Every structure is written in C-alpha cells, then in structure tokens.
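Visitor: I would like to go through a structure with you, one question at a time. Please show it first.

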Amino acid sequence: MKLLVDSGSTKADWIAIDDNGKVLFTTQTLGLNPEVLDKEEIISRLDDKFDISHNKDKATHLFFYGAGCGTDRMKNFLTVAFQEYFANASVSVHEDTYAAVYATTPKDAEAIVCILGTGSNCSYFDGKVLHQKVQSLGYIAMDDCSGNRFGRHLLRGYYFNKMPKELALEFEQEYDIEPDAVKHNLYKEPNPNAYLATFAKFLIKHKDTEFCRKFIFAELEEFVENYIKQFDNCTEIPVHFVGSIAFYLKDELVEVLTKHRIKVGNVLRRPIDGLIAYHILNK
C-alpha cells in the first residue's frame, strides 16, 4: 500500500493506493508543517485518524509533499518521525512544490509553478529539476498573496477601524475576534499561520468590495514582482498555480498576470488527484 500525502499548513490530503493505482481510502488530517509543529503534535494528528493509525503497518511506501519541507533539516526531521510511525514503509519527503509540479505540468515540460494557499511559493521546473531563487522565511517575513497574509490584512483593517462598518459587523458575526481570543490563537496555539488563513474566506466572499479588492490586487502585484519575475523566462513559459487562494481568485489572478504579459496555465485547488496519475506512471 502506497500513501500519497499533500500537506499544507492548514490541512493534509491523504490517499492510499495499491500497486495498480486503485484507491483504498482517502482521508484528511490537520496540516503537518514541520516548521511550526513538533514531533508529538505530528504524531497526535496521525493517531487522530483511524484510517491512518489502523493501516500504518500495512504501508510499504509514503510519499509526502509538504509545506515547510524546503530545507534538508526539515525533510530529515519528518523522515525520521514518519519512519518510526510507518515502520514498514520506505519514506520520501519532498517540499510541497513538487506535488504542484507533478499535478500541473506535463512530463518533461518547462513551467513556473506557484502555490497560493495558506502560504505561498514559486519555483521554476526545467522538465527534470526544480529551481528556486528565494528561500522562504515563512509566514511572518514572506508568503506574499497567501491566505495568512490576507488574514493579517483583515484583522489589521478591523482593529485599525479601516474596515467599512457593514463589513465589520459581518466580520464580528462570523468570527470570534475578541482580543484575547485572537492573541491566544496567534501566540499560544500551533499553526498561527493557518489560523490567520481562516479569515481569507471572508475576503474571498467579499472580493468585489473596494476594501477587499485593494488587498487582493496589491498582494497579487507583490507576488508577481517578488516571486514570478525572479525568473527571466516568466513571459515565455506557462505559469501554473495550485491552492485555494489561486483557485478562488482565478479571475483576479488572470487579470494581473495578463497585464504583465504572463501566461496563466493550469489552476488547481488541490494537487492530490494529479499525484495518483504521476505515481502510477512512475511506480
């Protein structure tokens, strides 16, 4: 049994397949970002799902693609944790961009591949190897145009009294934004980046308001300038996207990239289904 995992900071999609690619089960855990979680919390999130804990000894391979796995230290940390948990499995840990590449890009084709979800990322794939020019410093310093960045904008807009009154009233009704609750989630709970990203649904729901549009287009412009344009061939090859932010803001994404003469390729909410086809072809 092979386990294929696509993990962001908010959630992780799991699919178990047999050698012929038949799906044995699918499930979802909370995100497994090693940059913000310790080993005990990761194991707890695995134990919390019956399909995973009940079948852990049956797994022969684990292919994990995750946010926070861009350094050797984090890859090694997760590999050791997973190897202990899935005792009979061969474990491979890759950064989440590889899942995006395999799901969106035809075999041996060139592309720039971006992730716009809870966090954000951008890489160039030459048909064989993934290339990155910018090492991510995480959600506090980077993550342009991400869910957590939009959540930060909304909270600041609300607390600085910049959010229009009617939006502020609805914001209060949809979320617990009492100062103690916000500070507890930001500074006491795991995954503060995922907590911030929960507010992005509100921004997407109200994306046609002037208040939200200014954040959307400002962040998209930042992402183009800081991430995509680092690659000199960005106007010559397709630029693919995965993630909920890209998926639900596709019209705005196309508008901004078209202005910069950048061709938008595939835009997927989740790459997990594409991973099945890739691993069947490369078994």
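Visitor: How far is the sulfur of cysteine 234 from the closest cysteine sulfur, and in which residue is that sulfur?

Guide: This is a predicted model, in which local features need pLDDT of at least 70 and side-chain atom pairs count only at pLDDT 80 or more, while totals for chains, interfaces and linings use all residues. Residues are numbered from 1 along each chain as its sequence is written, and side-chain values use heavy atoms, with hydrogens and water left out. A disulfide is a pair of cysteine sulfur atoms within 2.5 Å. The sulfur of cysteine 234 is too far from its closest partner for a bond: 8.9 Å, in cysteine 122.

Visitor: How many disulfides does the structure hold, and which cysteine sulfur is nearest to that of cysteine 212?

Guide: A disulfide is a covalent bond between the sulfur atoms of two cysteines. The number of disulfides here is zero. Cysteine 212 is in none, and the nearest sulfur, 13 Å away, is that of cysteine 145.

Visitor: Is cysteine 212 buried or exposed?

Guide: Buried means under 20% relative accessible area and exposed over 50%, with partly exposed in between (1.4 Å probe, protein chains only). The relative accessible area of cysteine 212 is 0%, so this residue is buried.

Visitor: Which arrangement do the rings of phenylalanine 171 and phenylalanine 202 have?

Guide: Rings of Phe, Tyr and Trp (its six-membered ring) pair if their centres lie within 6.5 Å; planes under 30 degrees apart count as stacked, over 60 as edge-to-face and the rest as tilted. The structure holds 18 aromatic pairs. In this one the centres are 5.0 Å apart and the planes are at 65°, which makes the pair edge-to-face.

Visitor: How many residues apart in sequence are the parts that this pair ties together?

Guide: Helices are DSSP runs (H or I, at least four residues), as are strands (E, at least two), numbered from the N terminus. Phenylalanine 171 lies in helix 6 (residues 165-174) and phenylalanine 202 in helix 9 (residues 200-205), so the parts are apart in sequence by 31 residues.

Visitor: Which backbone oxygen lies 2.8 Å from a polar atom of the side chain of serine 120?

Guide: Serine 120 lies in strand 7 (residues 120-125) and is buried, with a relative accessible area of 6%. Contact means heavy atoms within 4.5 Å, and the residues that serine 120 touches, not counting those up to four places away in sequence, include Asp143 and Phe223. The backbone oxygen asked for belongs to aspartate 144.

Notes: Polar contact = N/O pair within 3.5 Å; in protein donor to acceptor, adjacent residues only side chain to side chain.
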